[in-house]
Amino acid sequence: MIISIIINGLLIGCIYSLIAVGLTVIFGVMRIINMFHGDAVMLGMYSAYLLHEKYGISPYISPIITAPAFLVIGLAIYKILEPIPPKQREMSSLIITLGISFVTATLAMLIWTADYRTVNLSYSQEVFDIFGTRIGYPAFFSSAFSVILIIAFYFFMTKTFLGMSIRATAIDPVSASLFGVNVKVISMLTFGIGLVLAGVAGAILSPIFYIYPFVGSNFVIKAFTIVVLGGMGSVTGALIGGLLLGVSEALASTFLEYSMKDIIAFIIFLSVLIFKPSGILGGKSRV
Amino acid sequence: MFEVRDLIGGYGKLEVIKNINFDIKEGEILSIIGPNGAGKSTLLRALTGLLPNLKGSIRFLGEELCGKPPHYYASVGIAHVQERHRVFGTMTVRENLLMGAYIKTKRQSIEKNLETVFELFPRLKERLKQQAGTLSGGEQQMLTIGQALMMMPRLILLDEPSLGLAPLLINSIYDALMKLNEQGMTILLVEQNVKKALQISQRAMLIENGEIVLQGNSQDIKNNETINKVYLGMA
C-alpha cells in the first residue's frame, strides 16, 4: 500500500520536476519570476489535445512540432520584459507575466470554452504491475519522458558550451560577458528554452490530467514550490523538489483527505521559506 | 598595439576617470599604480566596455573599440581578469577553464591551452573536478589567470592579482606573470602593491583622482622621490 502510494507520487513528481526545471532556469539566469509558466503548460496541453484529436498525433510526439512555437512565444515575452532595469526585475516581471497569464487563460476560455477535456489514447485504460502497484501506461510514459528530458537537459547544461554559458550568466553575467558571452542573447534564449520545457511538459502530461483554460494556475504554484524547495536556479534541486512534492501530495491525499492534496504544496512552500529559505540544496550546487 | 585617447567616463554623473591618454606596446608589462579609489579599477572596466557612459577612443590593433559591448572585447583578443578572483563558484574548475574558450575560434585548441595552463599552475590540474568556490583564494586567482590564457588573448588586463593573498602566493602568481611576459604576452597590470608592480613592469603610470599624474619607465618611477615617500614608504 505505502509503496504503491510512493511510486505513484514519484511518477507525478517527475512531471512536476520537468515543469519546474524551466521555471528555475528562467529565474536563475534572469531573475524573472515567470507567472506565465503555468499557461505555457496549459497551451502545451491544448496543442497536444488538438493535434491528437484532429490528426491523431500522439502527445508524446507532438512537442517536436510545437516546440518552435513555444520558443517564439518565449522570445516575444522576453522582449516585453527586457527594458526593465535589473534591480526592478523580480517584482515588475511578476506583475507583467501575471497579466499576460490572465489574458492568455481568458483567451483560451473564449477559444476553447471552459469544458474539461481529456486526451484518450488507445492504451489509456491499460495497466501493468510493479511491486504489486498498478500503474497506467500513460502515467508511466509521461513520467519516463519527463525523466529522459530532465536528464537530457542536465547534460545540455553541463556538457555543452551553450549550457555552460547559461549557467555562467546565471552566476555572474559580468564575468560571462568578459569571456565573449552575449548576455542579452543568452538571456533571451534561456527564456525561450524555459517556455519550451513548459510546453513540452504540458503535452506530456495531457494524457493524465484534465485540460481546461485555468489549469495553468495549478501548475505554476506547484512549480514555484518546487523551485523554492530545490533552491532557486538549481536543475538538480528542481528534480529532487518535484519528486518530494509528488510523494508528499500522494501521501497527503491518502492519509489525510483528498482535498488536502493541494494544501501540501503551500505548507511545504511556507515551511521552506521560514526554515530554509535557500532551499534543500542551499543554492550551492546550482546547475 | 593599444591606444587610449581622451578617455572620460564614470558612473551616472560622477566622473571617475578624466581625460586618460596612454599606449600599450606589444610585449610589455605596463602597470597602473595609485591609491585606493583613484579610479584604477574603473579605468580597467572602461577598457573592456563595462562602463556605460564612456567618451573617447580605445584603439586595439587599429580597430576602434570604444562603445562596443564587453563580449566584443573578448572576441578581438582582450582578456580582463577582474579583481578579487571572481570565478564561477558553483561550476567546476574544468568548466571554469572551458568558459575561457567560449569564443568559437578558440575551441579547437582547448587541449593544448589546458596543457599550457597546467604547466604554469600545476595545482589546477589536481583540482579539475572540484567546484571553483571551494578553492583557496590563491588557487582561484590562478584559475582566473588560467581562464584568461584559455582565451589565447593578445592582451591581458589584470586587476589587483595580489589582493588578499599571502606573500608566498603573490610571488608564485608574479613568477607566472613574468614567465608569460617572457613568452611575449602583453599585460596591463593594475596594482596597489607598488613595489611588486614596479619590479615586474617595464613601464608604469601613477593615477590619482582619475588622472594620470606620472608616466614613465618603472625604473625611473621607482627612483622618483614622491613615489618613494608616499607609496614605498622609504625616505
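1. In chain B, six strands make an open sheet in the order 6-7-8-3-9-10, with mixed pairing. Strands here are DSSP runs of E with at least two residues, helices are runs of H or I with at least four, and both are numbered from the N terminus; two strands pair if DSSP finds at least two bridges between them. Strand 6 and strand 10 (211-217) of chain B are at the edges with a single partner strand each, so one side of each has no neighbour in the sheet. From one strand to the next, the twist averages 15 degrees.

2. A word on the model before going on: it is predicted, with local features needing pLDDT of at least 70 and side-chain atom pairs counting only at pLDDT 80 or more, while totals for chains, interfaces and linings use all residues. Residues are numbered from 1 along each chain as its sequence is written, and chains are lettered from A and ligands numbered from 1 in the order in which they are written.

3. Back in the sheet, strand 3 (residues 29-33) and strand 8 (residues 186-191) of chain B run parallel and are joined by five bridges. B:Ile33 has B:Glu191 in strand 8 of chain B as its bridge partner. Helix 1 (residues 40-47) of chain B packs on this sheet and touches strand 3, strand 6, strand 7 (155-159), strand 8 and strand 9 (203-208) of chain B. The direction of helix 1 of chain B makes about 150 degrees with that of strand 7 of chain B; angles run from 0 to 180 degrees between N-to-C directions, and axes are lines fitted to C-alpha atoms, for helices over the stretch in contact.

4. Chain B also has an antiparallel pairing of strand 1 (residues 2-11) with strand 4 (residues 53-60), over seven bridges. Within strand 4 of chain B, B:Asn53 stands opposite B:Gly10. Strand 4 and strand 5 (residues 63-64) of chain B pair in the antiparallel sense over two bridges, and they form a hairpin with two residues between them. B:Leu61 in that turn has a positive phi of about 50 degrees.

5. Now the interface: 18 residues of chain A are in contact with 20 residues of chain B, where contact means C-beta atoms, placed from the backbone, within 7 Å. On the chain A side, helix 6 of chain A gives the largest share, six residues. That side divides into eight nonpolar, six polar and four charged residues (nonpolar: Ala, Val, Leu, Ile, Met, Phe, Trp, Tyr, Cys and Pro; charged: Asp, Glu, Lys and Arg; polar: the others, Gly among them).

6. Do have a look at B:Met91, in the loop between strand 6 (78-81) and helix 3 (93-100) of chain B. B:Met91 is buried, because 22 other C-beta atoms lie within 10 Å (20 or more within 10 Å counts as buried, 12 or fewer as exposed, and in between as partly exposed). Leaving out residues up to four places away in sequence, B:Met91 touches A:Arg167, A:Ala168, A:Ile171, B:Asn96 and B:Ala132.

7. Helix 6 and helix 8 (residues 183-205) of chain A pack at about 105 degrees, with axes 10 Å apart. That makes helix 6 of chain A roughly perpendicular to helix 8 of chain A (65 to 115 degrees; under 35 is roughly parallel, over 145 roughly antiparallel, the rest oblique). Among the residues making the contact are A:Ile166 of helix 6 and A:Ile186 of helix 8 of chain A.

Terms used. Contact = placed C-beta atoms within 7 Å.
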